[in-house]
Amino acid sequence: MSSGKELTDLDRSIYEWQLDVPGFGDEGQAKLRNTTALVSRCGGLGGPICLSLAAAGFGKIIIAHAGDLRLDDLNRQILMRHEDVGSARSESAKRTLSSFNPHVEVEVVPENITEDNAEALVAKADIVFSAAPLFEERLLMNQECVRQNKLLVDSAMYNLEGRIIPVIPGDSACLACLYPEIPPRWKRRFPVIGAVSALAANIGAMEGIKLLTGLGTANANRMIYFDSGTMRFQTIQLKRNSECKVCGKRS
Amino acid sequence: MMEITIQYTGQLAGITGAGEEVVELADGSSVASLVSQLCTKHGSQYADLLVNSEGEIRPSTLVILDGVQTEGERSEILLEGVRAVMLMTPIAGG
């Protein structure tokens with residue numbers, strides 16, 4: 001995390017209402033102002049994550065997402081615009097974010113996370129928000145975050161449910177502790193209402209803000225689970241796997 | 001006999017058509033015996049999500065006892081005193 005940028009008068013005007021949050025203040029805002037976040041994909045989950053990070057005043061958001069916008073993305077990918085169907089998702093996301101908050105730097109990488117780019121992309125970030133629909137990408141992000149000692153918030157949803165796992169490498173259970181293999185029965189196509197994605201996304205964004213600023217109580221070593229069908233929320237105590245191939249030897 | 005509430009998430013909830021159910025188990029039952037009983041009751045699609053071809057709980061299936069994740073040799077864990085078992089198959093939707 002860079003420490004150079006002081007809050008400006010414009011910052012204080014834009015973020016005035018959150019500067020009033022007890023335990024946040026100028027110090028919390030300055031931390032976010034000097035934070036670079038990498039968001040893996042900007043769809044139903046990653047899009048609302050990006051929007052909340054931009055609203056909160058993160059210094060820079062790097063978005064990694066390949067492909068062009070399709071009609072059937074529009075029930076949940078709230079950074080997109082109907083007129084952008086057929087164009088690159090990442091560019092549509094950048095236009096929306098830059099229009100919403102032009103004081104946040106947005107870099108787009110029109111690629112999904114792969115073994116070829118994961119190391120370099122994670123190296124550019126202070127915190128990673130993982131929101132890809134495939135475990136291959138999520139486990140790759142997790143591996144790089146543990147290796148580079150970067151904070152990770154992994155958010156996921158299915159149907160009316162969501163789960164969020166914040167990871168502090170070496171201190172809390174990592175994604176590979178829970179999922180030591182690519183789950184063979186997970187399918188790329190999943191049932192989704194956009195509001196459920198956005199709910200999971202915003203819980204994830206808030207967990208990231210807490211990890212960075214010390215606000216509230218971060219839920220490292222806990223999974224936050226919700227069922228929006230019943231509006232039952234719970235936190236589940238997680239355990240590190242001492243045999244974990246990714247974080248097992250880190251203390 | 002003991003009664004335990006089974007909470008379903010993800011695809012398991014879709015197959016069973018319920019968020020939870022209460023099952024009766026013999027005293028001294030383990031996680032393995034619970035899973036075996038549930039797979040018999042709910043059929044092959046349910047079982048395929050939960051266990052591999054050898055009948056072992058898939059590594060990516062989370063078994064949560066009274067809000068605490070289990071790890072290691074999960075099948076051998078005894079359920080004495082446990083009130084709720086949450087079975088969580090992996091999700092990655094976005």
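Helix H3 (residues 25-33) of chain A packs against helix H9 of chain A at an angle of about 110°, with the two axes 9 Å apart. That makes H3(A) roughly perpendicular to H9(A), since angles of 65 to 115 degrees count as roughly perpendicular, those under 35 as roughly parallel, those over 145 as roughly antiparallel, and the rest as oblique. The axes are lines fitted to C-alpha atoms, for helices over the stretch in contact, and the angles run from 0 to 180 degrees between N-to-C directions. Gly28(A), Lys31(A) and Leu32(A) in H3(A) meet Ile209(A), Leu212(A) and Thr213(A) in H9(A); two residues are in contact if their C-beta atoms, placed from the backbone, lie within 7 Å. Helices (H or I, at least four residues) and strands (E, at least two) are DSSP runs, numbered from the N terminus.

This is a predicted model, in which local features need pLDDT of at least 70 and side-chain atom pairs count only at pLDDT 80 or more, while totals for chains, interfaces and linings use all residues. Residues are numbered from 1 along each chain as its sequence is written, and chains are lettered from A and ligands numbered from 1 in the order in which they are written.

Of the 20 residues in H9(A), 16 are buried. A residue is buried if 20 or more other C-beta atoms lie within 10 Å of its own, exposed if 12 or fewer, and partly exposed in between, with C-beta atoms placed from the backbone. Just after H9(A) comes Gly214(A), with a positive phi of about 80°.

H4(A) passes H9(A) in a right-handed crossing; a crossing is right-handed if the near helix is turned clockwise from the far one by less than a right angle, and left-handed if anticlockwise. On the H4(A) side the contact involves Pro48(A), Ile49(A), Ser52(A), Leu53(A) and Ala56(A). The residues they meet in H9(A) include Ala198(A), Ala201(A), Ala205(A) and Ile209(A).

H4(A) also packs against helix H5 (residues 89-100) of chain A, with axes that come within 10 Å and cross at roughly 25°. That makes H4(A) roughly parallel to H5(A). Gly47(A), Cys50(A), Leu51(A) and Ala54(A) of H4(A) make this contact with Ala93(A), Leu97(A) and Phe100(A) of H5(A). This crossing of H4(A) and H5(A) is right-handed as well.

Ten of the eleven residues of H4(A) are buried, so this helix is largely enclosed by the rest of the structure. Its buried residues pack against H3, strand E1 (36-40), E2, H5, strand E4 (127-130) and H9 of chain A. H4(A) is followed by Gly57(A), whose phi is positive, near 90°.

In soluble globular proteins, nonpolar side chains tend to be buried together. The largest nonpolar core here has 96 residues, and those with the most contacts inside it are Val39(A), Cys50(A), Ile61(A) and Ile63(A). A nonpolar core is a set of buried Ala, Val, Leu, Ile, Met, Phe, Trp, Tyr and Cys residues joined through C-beta atoms within 7 Å. H9(A), residues 194-213, gives the most to this core, with ten residues.

Ile61(A) is in strand E2 (residues 60-64) of chain A. It is buried, with 27 other C-beta atoms within 10 Å. Leaving aside neighbours within four places in sequence, Ile61(A) touches Ala37(A), Val39(A), Cys50(A), Leu53(A), Ala54(A), Leu97(A), Val104(A) and Val106(A). Ile61(A) and Leu97(A) are 36 residues apart in sequence and 9.6 Å apart in space, C-alpha to C-alpha.

Most residues other than glycine have a negative phi. Asn159(A), in the loop between strand E5 (151-158) and strand E6 (161-167) of chain A, has a positive phi of about 60° although it is not a glycine. Asn221(A), in the loop between H9 and strand E7 (222-227) of chain A, has a positive phi of about 70°. Asn159(A) counts as buried, with 20 C-beta neighbours inside 10 Å, and Asn221(A) counts as buried with 20 as well.
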